[in-house]
Amino acid sequence: MEWSPQQEHALAEISKWLSSKNGSRIFRLFGYAGTGKTTLISEISNLVKGQVVYMAFTGKAALVMRKKGCFDASTIHSAIYRPIEDKKTGKVEFVLNYDSPVSTAELVIIDEVSMVNQEIGEDLLSYGRKILVIGDPFQIPPVKGEGFFTSDAPDIMLTEIHRQAKDNPIIRLSIDIREGRNLRQQNYDECRVFNRHQLDNPAFDNILCSVDQVICGMNKTRTALNNRIRLAKGIANPEDLTEPKEGDKLICLRNNRKKGLLNGGLWKAEAVQLAGISGEYYINMQSLDELGDMDFQAKVPKEFFSGEEDTLDWRYRKNIDEFTFGDALTVHKSQGSQWNNVLIVDESRVFREHSARHLYTAVTRAAERVYLAL
């Protein structure tokens, strides 16, 4: 592998940090989209003699790490917490697992670290191991609070765009967002920027149905887009928009390691049956995340498809699966994932001081082409 001068410098600094017995236990390797920060992970692992533990905040981000060669990458939650059930109430509480592989690791590497909040960050530090965190400081912070690791200055900040990425229209678009340029005045070749009112044209149904993923800002928009896409695909009817059907794209909302379910994982419904009295759907589904031929039967209450899941008792939710419609996702739910072709309905202004970061995060979910409705 041929490294850029910035990457060479980063590897040298990380090597010095690994061999040092003093100083910080955290090394922050940050970089913008296109700077090649994640390509350094395998080389960093070669600098370590002992065990390396790989983690990410979401199950989908951990899957991306495994596809890039970070074997056994897992979610932070499954790596450092274990469930304890109160025998009287049945309520489950997650506590630190000091038998975790993290406790004896030579190095812990965490990708997509902008999603890690203070509570989880402090729990990670409690193991006393060296932690290398990798992230993009311009991505949006966690839903609650600021990013624990990204709130401090990086040890290395990669800013030089890789030569393979310099002509990438998505990278150019992300740079213009960071630097505050008027996107409507720029030319991004395959990436199309247009007025969101054009989405009202029924002709856009073809694009909505053909892209790999639709991303928006707010949940009410997500619901409306999912309804529109499912109608356009002929999967749903106006009378039954809250009923999952064969052919529906679904997103998993909760990790379940025993079942192999990842929060943010996408699935296709192969068959759907409603259990009359209980109001639960039994759904045979196939993974859309390159998990081989993995299929699964989920038991999902109807409330998850009508947006009423918060009315369900937590004790009941322990024993069911959590899925909802996935043709359109919010930016927060898409974070940590990537698709080739993406359509974005920009609602970043709703997020005020984080508006540019919100749009930047959405755009960098795409690998090849973006349709951006401003």
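Which residues point one way from E7, which the other way, and are they buried or exposed? Ile131, Val133 and Gly135 point one way, Leu132 and Ile134 point the other way, and all of them are buried. Buried here means under 20% relative accessible area, exposed means over 50%, and partly exposed is in between, with a 1.4 Å probe and protein chains only.

Before I go on, the ground rules. This is a predicted model, in which local features need pLDDT of at least 70 and side-chain atom pairs count only at pLDDT 80 or more, while totals for chains, interfaces and linings use all residues. Residues are numbered from 1 along each chain as its sequence is written, and side-chain values use heavy atoms, with hydrogens and water left out.

Strands and helices are DSSP runs numbered from the N terminus: a helix is H or I with at least four residues, a strand is E with at least two. In a regular strand the side chains alternate between the two faces of the sheet.

Now the neighbours of E7. Two strands pair if DSSP finds at least two bridges between them. Strand E1, residues 26-31, runs parallel to E7 and is joined to it by 5 bridges. Within that pairing, Leu29 has Ile134 as its bridge partner in E7, and Phe30 has Gly135. Strand E6, residues 107-111, also pairs with E7 in the parallel sense, over 3 bridges. There, Ile110 has Val133 as its bridge partner in E7. From E6 the chain crosses through helix H5, residues 118-125, to E7, and this β-α-β crossover is right-handed. Right-handed means that, with the strands pointing away from the viewer, the path from the first strand over the helix to the second runs clockwise.

The whole sheet is open and has 6 strands, in the order E3-E2-E6-E7-E1-E8, with parallel pairing. Its edge strands are E3, 74-75, and E8, 156-158, each of which pairs on one side only.

Next, the antiparallel part. Strand E12, residues 266-275, holds Lys268 and is joined to strand E13, residues 280-287, by 8 bridges in an antiparallel arrangement. Gln273 has Tyr282 as its bridge partner in E13. E13 in turn pairs with strand E14, residues 295-301, in the antiparallel sense over 7 bridges. The bridge partner of Glu280 in E14 is Pro301. As for Lys268, it counts as partly exposed because its relative accessibility is 38%. Lys268 and Leu288 are 20 residues apart in sequence, and their C-alpha atoms are 6.6 Å apart in space.

On to the second largest pocket. How much space lies in it? About 760 Å³. On a 1 Å grid over the protein atoms alone, a pocket is an open set of points where a 1.4 Å probe fits, with protein on both sides within 12 Å along at least five of seven lines; lining residues have an atom within 4 Å of a point. Points are joined across faces, edges and corners, and the volume is the space filled by probe spheres set on them. The lining has 33 residues, and Gly34, Lys37, Thr38, Lys68 and Gln338 lie nearest the centre. Helix H3 (59-67), helix H6 (169-178) and strand E18 (366-373) each supply at least two lining residues, and H3 gives the most, with 3. By class, the lining has 12 nonpolar, 15 polar and 6 charged residues. Nonpolar covers Ala, Val, Leu, Ile, Met, Phe, Trp, Tyr, Cys and Pro, charged covers Asp, Glu, Lys and Arg, and the others, Gly among them, are polar.

Last, a few loop residues. Glu112 sits in the loop between E6 and H5 and has a positive phi of about 50° although it is not a glycine. Glu112 is buried because its relative accessible area is 16%. Arg352, in the loop between strand E17 (339-345) and helix H12 (355-363), also has a positive phi, near 50°. Arg352 counts as exposed, because its relative accessibility is 69%.

Asp248 lies in the loop between helix H8 (219-232) and strand E11 (249-252). Asp248 counts as buried because its relative accessibility is 0%. A polar atom of the Asp248 side chain lies 2.7 Å from the backbone nitrogen of Lys245.

Note on methods:
Polar contact = N/O pair within 3.5 Å; in protein donor to acceptor, adjacent residues only side chain to side chain.
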